[in-house]
Amino acid sequence: MPYIECKQVVKVYKVGDHELVSLKGIDFSMEQGELVAIIGPSGAGKSTLLNLLGGLDRPTAGQLYVDGQNLLNFKPHELAHYRLHRVGFVWQQVERNLFAHRSAIRNVTLPMMMGGLAPWKRNGHARDLLTAVGMSDHLRKHPGQLSGGQQQRVAIAVALANTPPLLLADEPTGSLDRETSRQVMLLLNELRQKFNLTVLMVTHDMEIAEYADRVLTLRDGALGQDLSGGSDDAALNLDPEGRLQLPQEVRATLNGAARIAVEVRPEGVLLRPESEEHDETEALLQEMLPQDAAPIKRGLFGRFRRKSGGGRR
Ligand SMILES: Nc1ncnc2c1ncn2[C@@H]1O[C@H](COP(=O)(O)OP(=O)(O)OP(=O)(O)O)[C@@H](O)[C@H]1O
Ligand SMILES: [Mg+2]
């Protein structure tokens, strides 16, 4: 049985007189220990889905199972227990993750206190968690004294305070630079092994998503293509806008080419870089156009030539 199972999950928000369908019947499942990334444009419904799985909101229709239990059948006190002990949440809004007036260690002990952990166990456990996220030198610092990446590390420690088996992270790297984002992803991977965590994270960034076992695309409230790596089709990568992404090695070969010829051959598709100088027809057309011709006009010629020139782009 999968660890997470969403069946036809629908979420409708009422905004004034009209209804806004944020999720349009989501079906997906996750195994225990998996790290899955959800990628999709702004407004796609990513945070909505995470909020539902975190027990912070209820779907309008559908079923949500976590660890074999139907979240919708939980009574209020069971839901409160679920939120405190069974799931850790890293919010999209960085400032929402930590209390500014509490030190790093006191941010981590807070959920422990709410979860009823014995007082003498809290400091030691919080220190262990902050060490696991590489923050052992900053235990007494307040969020304002930490960098963005350090704050997100503390936020992850807070989310793991009551050793939940599931971590939901909404753009944990959203406000971080590339190198810090990479470090946070390596950390998430390390923590999931250490604590046998199942991790579902949201990102806008395909490069960050590549640290996941599986990548799901969400667009307009509906799940799209599974961009999982590992299969033979991994080279066929679509970005969130639905554009084909070429592998880095191919891009490196084609870089600098003025144009690229595309030929469909029986053995596959051939992409051939061509330099502008060799293209006599193009040169002729360029000369015929006045130097200050609007780009659109040049573009039209290009398009016309492409059609008649047989599959060029
Ligand atoms: N509480 C709410 N009330 C009304 N509409 C909402 C609410 N929360 C989300 N929505 C709407 O639902 C849609 C999905 O929102 P959601 O926050 O899930 O998007 P997202 O994919 O997380 O986007 P982003 O990448 O910008 O964070 C949006 O159109 C949003 O305006
Ligand atoms: Mg969001």
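Leaving aside neighbours within four places in sequence, Val 12 is in contact with Glu 19, Leu 20, Val 21, Ser 22 and Thr 60, two residues being in contact if their C-beta atoms, placed from the backbone, lie within 7 Å. The model is predicted, so that local features need pLDDT of at least 70 and side-chain atom pairs count only at pLDDT 80 or more, whereas totals for chains, interfaces and linings use all residues. Residues are numbered from 1 along each chain as its sequence is written, and chains are lettered from A and ligands numbered from 1 in the order in which they are written.

Val 12 belongs to strand E1; helices (H or I, at least four residues) and strands (E, at least two) are DSSP runs, numbered from the N terminus. Val 12 is partly exposed, with 15 other C-beta atoms within 10 Å. A residue is termed buried if 20 or more other C-beta atoms lie within 10 Å of its own, exposed if 12 or fewer, and partly exposed in between, with C-beta atoms placed from the backbone. Between the C-alpha atoms of Val 12 and Lys 24, which are twelve residues apart along the chain, the separation is 8.5 Å.

The most is given by H1, with three residues. The residues around ligand 1 number 13, and Tyr 13, Ser 42, Lys 46, Ser 47 and Thr 48 come nearest; a residue is near a molecule or strand if its C-beta atom, placed from the backbone, lies within 6 Å of it. By class, the shell has four nonpolar, eight polar and one charged residues. In this classification Ala, Val, Leu, Ile, Met, Phe, Trp, Tyr, Cys and Pro count as nonpolar, Asp, Glu, Lys and Arg as charged, and the others, Gly among them, as polar.

For the chain as a whole, the secondary structure comes to eleven helices and 14 strands. Of its 313 residues, 30% count as buried. Among contacts between residues at least 6 apart in sequence, 63% join residues at least 24 apart.

The packing of helix H4 was examined in detail. In H4 (residues 104-115), the buried residues are Ala 104, Ile 105, Asn 107, Val 108, Thr 109, Pro 111 and Met 112. These buried residues pack against helix H2 (76-86), helix H5 (119-132) and helix H6 (148-159). Just after H4, Gly 116 adopts a positive phi of about 85°.

Two packed helices are described by the angle between their axes and the distance between the axes. The axes of H4 and H5 come within 9 Å and cross at roughly 120°, axes being lines fitted to C-alpha atoms, for helices over the stretch in contact, and angles running from 0 to 180 degrees between N-to-C directions. H4 is therefore oblique to H5, since angles under 35 degrees count as roughly parallel, over 145 as roughly antiparallel, 65 to 115 as roughly perpendicular and the rest as oblique. The crossing of H4 with H5 is right-handed; a crossing is left-handed if the near helix is turned anticlockwise from the far one by less than a right angle, and right-handed if clockwise. From H4, Ala 104, Ile 105, Val 108, Thr 109, Met 112 and Met 113 meet Arg 122, Asn 123, His 125, Ala 126, Arg 127, Leu 129 and Leu 130 in H5. By class, this contact of H4 with H5 has eight nonpolar, three polar and two charged residues.

Helix H5 also contains Lys 121, which is exposed, with 11 other C-beta atoms within 10 Å. The C-alpha atoms of Lys 121 and Thr 109, twelve residues apart along the chain, are separated by 9.6 Å.

The axes of H4 and H6 come within 8 Å and cross at roughly 25°. H4 is therefore roughly parallel to H6, and the crossing is right-handed. Here Ala 104, Asn 107, Val 108 and Pro 111 in H4 meet Val 154, Ala 157 and Val 158 in H6. By class, the contact of H4 with H6 has six nonpolar, one polar and no charged residues.

Thr 163, in the loop between H6 and strand E7 (166-170), has a positive phi of about 40° although it is not a glycine. With 16 C-beta neighbours inside 10 Å, Thr 163 counts as partly exposed.
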